[in-house]
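Here's a quick tour of a protein fold, written for someone just getting used to reading structures. Have a look at the picture, then work through the points below.

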Amino acid sequence: MSMRKFLGFALLAVLAATSARAQNINAAGATFPYPIYSKWFDEYHKLHPMVQINYQSIGSGGGIRQLMDKTVDFGASDGPMTDEQLKQAGFTILHFPTVLGAAVPSYNIPGLTAELKFTPEALAGIFLGKVTKWNDPAIAGANSGVKLPAEDIVVVHRSDGSGTTYIWTDYLSKVSSDWQSKVGKNTSVNWPVGLGGKGNEGVAGLLKQTPYSIGYVELIYAIQNNIPYGAVKDAAGEFVKASLPSVSAAAAGAAMPDDFRVSITNSPGKGAYPISSFTWLLIPAQIQDAAKKAAIKDFLTWMLTAGQQFCEPLAYAKLPKPVVAKEQKAIAMIQ
């Protein structure tokens with residue numbers, strides 16, 4: 001056997017050994033997209049049995065923190081990382097939008113069958129603790145003909161660092177100067193009022209067991225838990241309920257920046273649900289382990305193509321085609 005042929009066989013053996021090595025990839029973060037991520041990681045594992053992506057649904061704040069501490073291979077967040085966080089990380093982190101979802105005002109009013117409508121003023125007032133009764137004119141005014149109880153409103157919010165909170169407070173900051181000046185937007189805020197639940201799961205659980213409560217959850221959690229959720233008045237003055245078309249409409253008019261960090265709350269688009277958002281995977285630009293890097297890049301490619309078919313059955317809107325094309329180019333930045 002010639003030396004060249006021997007080296008060729010040796011290289012093939014190394015490549016085969018690398019590809020055959022089981023890849024355990026650890027990730028953590030947002031609960032907002034957990035149902036679709038869980039589905040994706042499972043389906044990808046069926047196609048690639050040697051790649052196992054283990055995801056902890058701990059909230060966006062925890063995902064960002066663990067990524068910055070380098071205790072996970074990648075993170076996930078519904079609120080893009082801030083310039084300050086990216087600087088603190090000390091290494092380059094890339095944002096990859098994955099799906100579109102909606103945060104919805106979900107409520108538990110015993111005996112009420114009518115679907116409620118919420119104005120921006122009513123939602124800001126409720127979460128500021130200024131609107132305290134269900135029959136307050138701020139709510140009743142948009143719901144003529146609906147018999148609302150004279151009961152105290154029990155506000156439920158997230159207790160953990162949360163991208164769903166970021167989306168909710170980003171929206172409230174845009175529609176209420178009072179909210180903007182007193183509370184602002186972040187993954188964690190100083191809530192003026194309410195009970196805290198951990199994760200979208202925790203908020204949904206509290207809503208189900210607490211009469212006369214209202215809280216915000218990702219759309220799929222309201223659907224899965226059979227909790228009513230209301231329509232919200234959009235920037236054009238129409239009441240829009242969260243749905244796949246109304247979430248897609250919110251993204252349609254957005255100009256996607258090169259770093260993919262964009263807010264689409266209170267979108268001016270026609271029929272746009274106003275509390276919609278992209279959600280992101282946070283991927284280090286430099287991944288030392290060659291096999292792990294190859295697996296993550298391949299997963300991203302699959303997610304942006306074949307993986308999108310799993311979105312709509314779980315009440316997430318697919319990524320717009322121009323965003324997919326832009327992301328496919330950005331995968332090459334992972335070195």
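Strands β6 (residues 154-158) and β8 (residues 213-218) run in parallel where they pair, and three bridges link them. Keep in mind that this is a predicted model. One of the pairings to look for is V156, whose bridge partner in β8 is G215.

**The sheet around that pair**

- How do strands of a sheet hold on to each other? They pair through backbone hydrogen bonds, and the pairing can be parallel or antiparallel.
- Zoom out from β6 and β8, and you'll find an open sheet of eight strands, ordered β2-β1-β3-β11-β4-β8-β6-β7.
- The pairing in this sheet is mixed.
- Which strands sit at the edges? They are β2 (51-57) and β7 (195-197), and each of them pairs on one side only.
- Going from one strand to the next, the sheet twists by 25 degrees on average.

**Helices lying across the strands**

- Helix α3 (residues 60-68) lies across β1 (23-29), β2, β3 (74-77), β4 and β11. Its direction makes an angle of about 155 degrees with β3.
- Helix α9 (residues 199-209) lies across β2, β4, β6, β7 and β8. Compare its direction with that of β8 and you get about 150 degrees.

- Now find helix α2 (residues 34-47) and helix α12 (residues 290-304): their axes come within 11 Å of each other and cross at roughly 115 degrees.
- Angles of 65 to 115 degrees count as roughly perpendicular, so that is the label for α2 and α12.
- Is the crossing of α2 and α12 left-handed or right-handed? It's right-handed.
- On the α2 side, the contact is made by W40, F41, E43, Y44 and L47. On the α12 side, the residues are A295, D298, F299, W302 and M303.
- Sort the residues of this contact by type and you get eight nonpolar, two charged and no polar ones.

- Helix α11 (residues 244-252) has several buried residues: S246, V247, A249, A250 and A251.
- What do the buried residues of α11 pack against? Their partners are β4 (93-108), β10 (239-240) and β11 (276-284).
- A272 is in the loop that joins α11 to β11. Its relative accessible area is 0%, so A272 is buried.
- Count along the chain and A272 is 22 residues from A250, but in space their C-alpha atoms are 4.4 Å apart.
- Leaving aside residues up to four places away in sequence, A272 touches D234, V240, S246, A249, A250 and S267.

**Two asparagines with a positive phi**

- N226 isn't a glycine, yet it has a positive phi of about 55 degrees. You'll find N226 in the loop between α10 (219-224) and β9 (231-233).
- Is N226 buried or exposed? Its relative accessibility is 70%, so N226 counts as exposed.
- N266 also isn't a glycine, and its phi is positive too, at about 55 degrees. N266 lies in the loop between α11 and β11.
- With a relative accessibility of 22%, N266 counts as partly exposed.

Conventions. Residues numbered from 1 in each chain as written. Predicted model: local features only at pLDDT ≥ 70, side-chain atom pairs only at ≥ 80, totals over all residues. Heavy atoms only, no water. Axes fitted to C-alpha atoms, helices over the stretch in contact; angles between N-to-C directions. Helix = DSSP H or I, 4+ residues; strand = E, 2+ residues; numbered from the N terminus. Parallel < 35°, antiparallel > 145°, perpendicular 65-115°, else oblique. Left-handed = near helix turned anticlockwise from the far one by under 90°. Contact = heavy atoms within 4.5 Å. Nonpolar A, V, L, I, M, F, W, Y, C, P; charged D, E, K, R; others polar. Buried < 20%, exposed > 50% of the residue type's maximum accessible area, 1.4 Å probe, protein only. Pairing = 2+ DSSP bridges.
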